[in-house]
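Dear colleague,

Please find below the structure that I am handing over to you, with its sequence. My notes on what was found in it follow directly after.

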Amino acid sequence: MKVTLRLFSIAKEMAGFEEREVEVASGAQAGAVLDILTGLNPRFTDWRGSLRLAVNQEYVPEGHLLRPGDEVAIIPPVSGG
Amino acid sequence: MVTMLDERQVKNIRLTREEIKRYGRHLIIPEVGLEGQKKLKAAGVLIVGAGGLGSPLALYLAAAGIGRIGIVDFDVVDASNLQRQVLHTTRDVGRPKLQSAKEHMEALNPNVAVDTYPTSLNSENALEIFEPYDVIVDGTDNFPTRYLVNDACVLLGKPNVYGSIFRFEGQASVFATKEGPCYRCLYPEPPPPGLVPSCAEGGVLGVLPGIVGTIQANETVKLLLGIGNPLVGRLMLFDALEMQFRELKLRKNPECPVCGNNPSITELIDYQAFCGVTPGPKVDGNEFEITVEEFKRKLDDGEDVFVLDVREPHEYEIVNIGGMLIPLGELPNRVRELDSARSIVVHCHVGGRSRRAVEFLREIGFRKARNLAGGIDKWAEKVDTSLARY
């Protein structure tokens, strides 16, 4: 099934895109998109513990079940002030 | 609705004729009115950081007539701050930020009492500094202090008006209210040190902290007045390039180590250690880092040193010392271009990215790679003053 991946701040720069439709297995969990990102850029591995996932504008844990057409956003922490 | 202030506290407050004139445009809005303006006068707000976010915060909160405003910052004004830190002016370069902040705020509104804390906030002083204030506003620029501000707010039961920026994007929320989540509910774990670039390393659009900081000021005023719908349980994400605001719903995490049902953190901890920031290795005589002076001596002595610059091409264009340019992100794929037998001095702008590069290089066998402490900026400051600094 297809879901839309939307990336913020440094995640956007590391992946090289802001928004993209990606294919995940039917019944996949939200964390599956992190595997896709790690495949694109291995540096995502270091980040895994501190990236937040939101599905359809709601903060979810990695185990959240995805449905076709969901928007999965990756929100890294930023610290600038 | 959040009501912050004790009613008795507000009852004894009077506005002078000058204040009534000054705050006239507040007084005629029913949601603020005389009562609201008295609440603002009775209130105390602490701003942590007098930088990009702290600038609009200090100015707008002073203008709004908050009775007491504290500011914490230990830094001095640098010319590179002025592109965004509108609290300071060109003639303030080299002065403590709190001096220019206090002057500017008092000039704007002499009715405001400005408390300055020229110190680095830490686990020993945070609770004492926070205690007298009703709302704490987080305008810091690093993760250890963000976790410290959050935990201190939770422990004291004070709202944490949060804002954070990166290049063209900003985040804001109100954490640590009774009913809402805290910063740790959102980000339980800090990122490994060095992974998220600071404003100094990654750059930031100067207008951005103006937008995010005024959002924080707005939320602070709303909390104190007890009006509107505060940014509790919502993370606001702002993208200046797309000019888009998005919102993410947050939930309080019942297992949160500080605000959850069975908190394991009941007093402030060592936040540097929590964020994996180890005290930097000693610079002189240490294998990992090299000072600009030592590097200069090696070059003068004609030693064989290969210089690697891990900044981005557009930074290289601003100023360089002739090193080979491989941006940090490309290093893993281009490492074959380097000779592990040679002495390599790696530099970036101020030393953060090059530290990561040296850690990486050493892991894969480059034993003679060393980090230039302070980067090209330190080199331009101490060794070759003809070079541009940015």
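In this predicted model, Arg251(B) and Glu58(A) form a salt bridge, with their closest N and O atoms 2.7 Å apart. Arg251(B) belongs to the loop between strand S8 (244-249) and helix H12 (271-274) of chain B, while Glu58(A) sits in strand S4 of chain A, so this pair joins two chains. As background, side chains of opposite charge can pair when their charged atoms come close.

How many salt bridges are there between chain A and chain B? The count is six. Another salt bridge brings together the side chains of Lys12(A) and Glu169(B), at 2.9 Å from N to O. Over all chains, a search of the whole structure gives 35 salt bridges.

Polar contacts were also counted across the interface of chain A and chain B: 18 residue pairs, both residues being at pLDDT 80 or more, are found. Which parts of chain A supply at least two residues each to the side that touches chain B? They are helix H1 (9-15), helix H3 (44-47), strand S3 (52-55) and strand S4 (58-60). The largest share of that side, four residues, is supplied by H1(A). Sorted by class, the side of chain A that touches chain B consists of nine nonpolar, seven polar and eight charged residues.

As for the extent of the interface, 24 residues of chain A and 41 residues of chain B take part in the contact. Together the two chains bury about 2800 Å², and 55% of this area is on carbon and sulfur atoms.

I now turn to a sheet within chain B. Five strands of chain B make up an open sheet with parallel pairing, in the order S9-S13-S12-S10-S11. Strand S9 (289-290) and strand S11 (324-325) of chain B are at the edges; each has a single partner strand, so one side of each is left without a neighbour in the sheet. In general, strands of a sheet pair through backbone hydrogen bonds, either parallel or antiparallel.

The partner of S9(B) is strand S13 (residues 369-372) of chain B; the two run parallel and are joined by two bridges. Within S13(B), Asn371(B) is the bridge partner of Glu289(B).

Finally, helix H16 (residues 352-363) of chain B lies across S9, strand S10 (306-309), strand S12 (344-347) and S13 of chain B. The helix H16(B) runs at about 170° to S13(B).

With kind regards

How values were computed
Residues numbered from 1 in each chain as written. Chains lettered and ligands numbered in written order. Predicted model: local features only at pLDDT ≥ 70, side-chain atom pairs only at ≥ 80, totals over all residues. Heavy atoms only, no water. Contact = heavy atoms within 4.5 Å. Buried area = accessible area lost by both parts, 1.4 Å probe. Salt bridge = Lys/Arg side-chain N within 4 Å of Asp/Glu carboxyl O. Polar contact = N/O pair within 3.5 Å; in protein donor to acceptor, adjacent residues only side chain to side chain. Nonpolar A, V, L, I, M, F, W, Y, C, P; charged D, E, K, R; others polar. Pairing = 2+ DSSP bridges. Axes fitted to C-alpha atoms, helices over the stretch in contact; angles between N-to-C directions.
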